[in-house]
Amino acid sequence: MRKDGKRIDVSLSVSPVKDEAGKIVGIAAIGRDITEHKRREREERALLRLHQSTLATVPSAILVLDARLKVVMANRSCSDVLGLQPAEAAGKDLADLLLASLLAEESLLEQVQTIATAGGAAEAFAVRYVVSDQEEKFLDIRAHGIRGPKEEEEGQPAVLLVLTDVTKQRQLQ
């Protein structure tokens, strides 16, 4: 507690004090006010929860790719849009994940690769995606360059892919 009565968070380091014979004769303690540090941690956790809930509620599939076009993050909507659970998508190459039905659109893969190495954004693509033998969807795909998601990759190029199921809109046309 501070002199003014306000409660604070403190980091306390305690060490033994020994005499010449090595006998403990006391303790030395150093206290450091970490209240501001703890406040920033709480704010960061709250912001992380907000980001996670936002990603979880977006109806489009969102994939984050590293510079090698491997999926490092996928939101829950991947299961609705692509028929894959987020854990199934993680670590996969874009080419393996989206299969030949999407990659037949060669310029899509080329533009995503360019974004992965140079940044920027790609035009929107409308492509046919075969989910299974009984189901196919039409997807609007947008790609944007972003910074790498991992601390050690900070500043490294990465790609945000947003895949929106436009099958119903297309059927109405």
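Nine salt bridges are present in the structure, which is a predicted model. Side chains of opposite charge can pair when their charged atoms come close.

One of these salt bridges links K70 and D93, with N and O 2.9 Å apart. K70 sits in the loop between β3 (61-65) and β4 (71-74), and D93 in the loop between α3 (86-89) and α4 (94-103), so the bridge ties together parts 23 residues apart in sequence. K70 is partly exposed, at 28% relative accessibility. D93 is also partly exposed, at 29%. Elsewhere, salt bridges with shared partners join E36, R39, R40 and E43 into one network.

D66 and R68 also meet through their side chains, at an N to O distance of 2.9 Å. D66 is buried, with 4% relative accessibility. R68 is exposed, with a relative accessible area of 57%.

A further salt bridge pairs E41 with K38, whose closest N and O atoms lie 4.0 Å apart. E41 and K38 are three residues apart in helix α1 (residues 35-57), which means that about one helical turn separates them. E41 has a relative accessible area of 27% and is partly exposed. K38 is partly exposed too, at 31%.

The protein contains six helices and seven strands. Along the sequence, their order is β-β-α-β-β-α-α-α-α-β-β-β-α. Of the 173 residues, 27% are buried. Among contacts with a separation of 6 or more, 40% involve residues 24 or more positions apart.

Terms used. Residues are numbered from 1 along each chain as its sequence is written. This is a predicted model: local features need pLDDT of at least 70, side-chain atom pairs count only at pLDDT 80 or more; totals for chains, interfaces and linings use all residues. Side-chain values use heavy atoms; hydrogens and water are left out. Helices (H or I, at least four residues) and strands (E, at least two) are DSSP runs, numbered from the N terminus. Buried means under 20% relative accessible area, exposed over 50%, partly exposed in between (1.4 Å probe, protein chains only). Contact means heavy atoms within 4.5 Å.
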